[in-house]
Amino acid sequence: MNISVKISVNGVLHEAEVEPRLLLAHFLRETCGLTGTHVGCETSVCGACTVLVDGQAVKSCTMFAVQADGTEVTTVEGLASNGEMHPVQEGFWECHGLQCGYCTPGMMMTAVQLLERNEAPSRDDIRHALDGNLCRCTGYTHIIDAVEYAAKKGRA
Amino acid sequence: MIPAAFDYVRASSLNEALDLLAKHGDDAKILAGGHSLIPAMKLRLSQPKVVIDISRIADLHSVNQQNGKIAIGALTTHYEIESSDLLKRACPLLPEVAGSIGDVQVRNKGTVGGSCVHADPAGDWPAAMLALDAEFEIAGPNGSRTVAANDFFVDILTSAVEPGEILKFIHVPATANTAAYVKFAQKASGFAIAGVAAVVDKTKKEVAVAVTGVAAKAYRASGTESSLRGVEPTADSIATAAEKAADGIDPLSDIHASADFRAHLARVQAKRALWAAVSRG
């Protein structure tokens, strides 16, 4: 039996009738057309599908859309505002925080969560916070640079 | 990886959830944070016809202290425990264990109750709950009952929660800062290959040591505990006691670690956990 859900995504309310087994990642990509959220391992390991649900970073491949009913979801598309990049996006741009770019949306959403909880993280704090996000290009050093840049920018 | 189709019901109270469970019986599964159930459903290892979502039952989402006891609602997330000021002060072992689980995203969503009921032999919580002598308050159709940690973890993926029942609260004693958790983790998942929680009471000269990841269910290392009963916990006495941390145990063996290696890790981690706990107190 389909279930009616109302989910606010990046400030826009999406109402839909969904199958209970529809994963939040697929709701965002297919129902909302927001393909910035990537689906990588599908097993809650790689973190490419990370989004914020009511401000909490979660792996959207391990959550049903029906569980997100009534919540506010932020995806990578919701980071920039008025054509201005979010400090985390600017950090990835300035510090070459990506190679192929597949892991990048998830990395950025987890980084946003980190900086909300800890505005001045050490490089170790950043490594620890990103341990649920895998980069198969292994470009971790530049990713840590990018988050460090964003932290400094955010405090400026 | 798409789960088999199911019907979804969101319970707004514990009584409603129990009624739904009674109505649907074996066809139903309880959904809290979903971080054990959903992966199993995606692999189709679990194919419930009905999923009962209890995640919004507010009463089960809390950490409260009363008369030296702390009641933790089953729906409290790992992150809420990790960041709880009350627990950091009153029972720091729990935030320490919580912070070692999975990753940030998993800790934001996974719940302490869901993890304990799932009873994964490599889960972190069973070690902490056993070492603290936690009590599990379980609701059923005929009221509540309380089960001691020692009886709660029954076997691999089997807890004492019966069909038709739902875990409500986990009660732990307030402890001073004399506990520690150390883990040799499976690198990719963070699950314990050998995790040891130790609680040291220097005044009574008693220790509690619990081991997870090593056997089909977490256990109290009774040989280690009796070796330190009434004894000053020094580097030497701890080393001797820790040698008994896998006595009488039938260790698991898999691609990550052989049975012998797991037993070895249990002994090494017991020593480290005890020493860390003693050094803090």
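Author: What follows begins with the contact between the chains and then moves into the parts of chain A beside it. The model is a predicted one, and every value below is computed from it.

The contact draws 34 residues from chain A and 30 residues from chain B. The area buried between chain B and chain A comes to about 2,500 Å², and carbon and sulfur atoms give 55% of that area. The count of salt bridges between chain B and chain A is 2, while 16 residue pairs, both members at pLDDT 80 or more, are in polar contact across the interface. On the side of chain B that touches chain A, β1 (7-10), α2 (37-42) and α6 (104-109) of chain B each supply at least two residues, and α6(B) gives the largest share, 5 residues. Sorted by class, that side of chain B has 14 nonpolar, 7 polar and 9 charged residues.

One of the salt bridges joins B:Asp103 to A:Lys59, with the closest N and O atoms 2.6 Å apart. This pair crosses between chains, since B:Asp103 sits in the loop between α5 (93-99) and α6 of chain B and A:Lys59 in strand β4 of chain A. Both B:Asp103 and A:Lys59 are buried. Another salt bridge is formed by A:Asp69 and B:Arg10, whose closest N and O atoms are 3.5 Å apart. A:Asp69 belongs to the loop between β4 and β5 of chain A and B:Arg10 to strand β1 of chain B, so this pair also joins two chains. A:Asp69, at 16% relative accessibility, counts as buried, whereas B:Arg10, at 27%, counts as partly exposed.

The loop between β4 (56-59) and β5 (72-74) of chain A also holds A:Ser60, which is buried with a relative accessible area of 0%. A polar atom of the A:Ser60 side chain lies 2.6 Å from the backbone oxygen of A:Cys49. Leaving aside residues up to four places away in sequence, A:Ser60 touches A:Leu23, A:Leu24, A:Ala25, A:Thr37, A:Cys49 and A:Val51.

Two of those neighbours, A:Leu24 and A:Ala25, are listed among the buried residues of helix α1 (residues 24-31) of chain A, together with A:His26, A:Phe27 and A:Leu28. The buried residues of α1(A) pack against β1 (3-9), β2 (12-18), β3 (50-53) and β5 of chain A. Just after α1(A), A:Gly33 takes a positive phi of about 70 degrees.

The cysteines deserve a separate word, as the structure holds 0 disulfides over all chains. A:Cys49 is in no disulfide, and the nearest cysteine sulfur, that of A:Cys61, is 3.9 Å away.

B:Asp27 is partly exposed, with a relative accessible area of 36%, and B:Lys49 is exposed at 55%. In chain A, salt bridges link A:Arg123, A:Asp145 and A:Glu148 in a network.

Note on methods:
Residues are numbered from 1 along each chain as its sequence is written. Chains are lettered from A and ligands numbered from 1 in the order in which they are written. Side-chain values use heavy atoms; hydrogens and water are left out. A disulfide is a pair of cysteine sulfur atoms within 2.5 Å. Contact means heavy atoms within 4.5 Å. Buried area is the accessible area (1.4 Å probe) that two parts lose on being put together, summed over both. A salt bridge is a side-chain nitrogen of Lys or Arg within 4 Å of a carboxyl oxygen of Asp or Glu. A polar contact is a pair of N or O atoms within 3.5 Å; within protein, one must be able to donate a hydrogen and the other to accept it, and residues adjacent in sequence count only if both atoms are side-chain atoms. Helices (H or I, at least four residues) and strands (E, at least two) are DSSP runs, numbered from the N terminus. Ala, Val, Leu, Ile, Met, Phe, Trp, Tyr, Cys and Pro count as nonpolar, Asp, Glu, Lys and Arg as charged, and the others, Gly among them, as polar. Buried means under 20% relative accessible area, exposed over 50%, partly exposed in between (1.4 Å probe, protein chains only).
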